[in-house]
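This report looks at aromatic side chains and at a nonpolar patch. Please view the model first.

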Amino acid sequence: MSTEQREDTGKDAEHRPWFRRNPALNLTYRIGVGVVGGLVLVAGVLMIPYPGPGWLVVFAGLAILATEFEWAGRVLRFAKRYYDAWVAWLRRQNLLVKALVLAATGLVVITTCWLLGAFSLVGGWFGLDWAWLQSPIFGSRG
């Protein structure tokens, strides 16, 4: 749906047509929507492998972008369709497959915690200075 078509439907907020009349304000508004939507989208993508609202944040970022960009609406519909298909597929699977998906998610979380040095930090609280707790990225604590 083009911006003109959205304007004709009356679904726009009352301020949006006012922005469209001024090209500089319109561009600024679109850049602002792009930056905010892009940041929310990137945050959601980073949260996908972890338990929590990763996909919800991705969809929110795409919805923000879709208010101004046609391509984002298409991507949002595409992503929702494939997310729903993935959830439906996972529901049909037996307990072993569900447990493997859960184990893979847990492995991603544990690996991330190790890489970021969380195990070394918590180990330090208890006086454990084991070498394998150290992050390979951040090295020793000093």
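In this predicted model, Leu 121, Val 122, Trp 125, Phe 126, Leu 128, Trp 130 and Trp 132 make a nonpolar surface patch of about 830 Å². One of these residues, Trp 132, sits in the segment after α7 (118-125). Trp 132 has a relative accessible area of 57%. That value is over 50%, so Trp 132 counts as exposed.

Now the ring pairs. A pair of aromatic rings is described by the distance of the centres and the angle of the planes. Searching the whole structure gives seven aromatic pairs. Among them is the tilted pair of Trp 55 and Phe 59. A tilted pair is also formed by Phe 78 and Tyr 82. Their values are listed here.

| Pair | Centre to centre | Angle between planes |
|---|---|---|
| Trp 55 and Phe 59 | 5.9 Å | 35° |
| Phe 78 and Tyr 82 | 4.6 Å | 45° |

Where do Trp 55 and Phe 59 lie? Both are in helix α4 (residues 54-66), four residues apart, which is about one turn of the helix. Trp 55 is partly exposed at 33% relative accessible area. Phe 59 has 15% relative accessibility, under the 20% limit, and therefore counts as buried. Ring pairs also bring in Tyr 83: Trp 55, Phe 59 and Tyr 83 are linked into a cluster.

Phe 78 and Tyr 82 belong to helix α5 (residues 70-92). They too are four residues apart, about one turn of the helix. Phe 78 is partly exposed, with 44% relative accessibility.

Notes: Residues are numbered from 1 along each chain as its sequence is written. This is a predicted model: local features need pLDDT of at least 70, side-chain atom pairs count only at pLDDT 80 or more; totals for chains, interfaces and linings use all residues. Side-chain values use heavy atoms; hydrogens and water are left out. Rings of Phe, Tyr and Trp (its six-membered ring) pair if their centres lie within 6.5 Å; planes under 30 degrees apart count as stacked, over 60 as edge-to-face and the rest as tilted. Helices (H or I, at least four residues) and strands (E, at least two) are DSSP runs, numbered from the N terminus. Buried means under 20% relative accessible area, exposed over 50%, partly exposed in between (1.4 Å probe, protein chains only). Patches are made of residues with over 30% relative accessible area and no salt bridge: like charges are joined within 9 Å, nonpolar side chains (Val, Leu, Ile, Met, Phe, Trp, Tyr) within 5 Å. Accessible areas come from the Shrake-Rupley method with a 1.4 Å probe; for residues, only the protein chains shown count as cover. A salt bridge is a side-chain nitrogen of Lys or Arg within 4 Å of a carboxyl oxygen of Asp or Glu.
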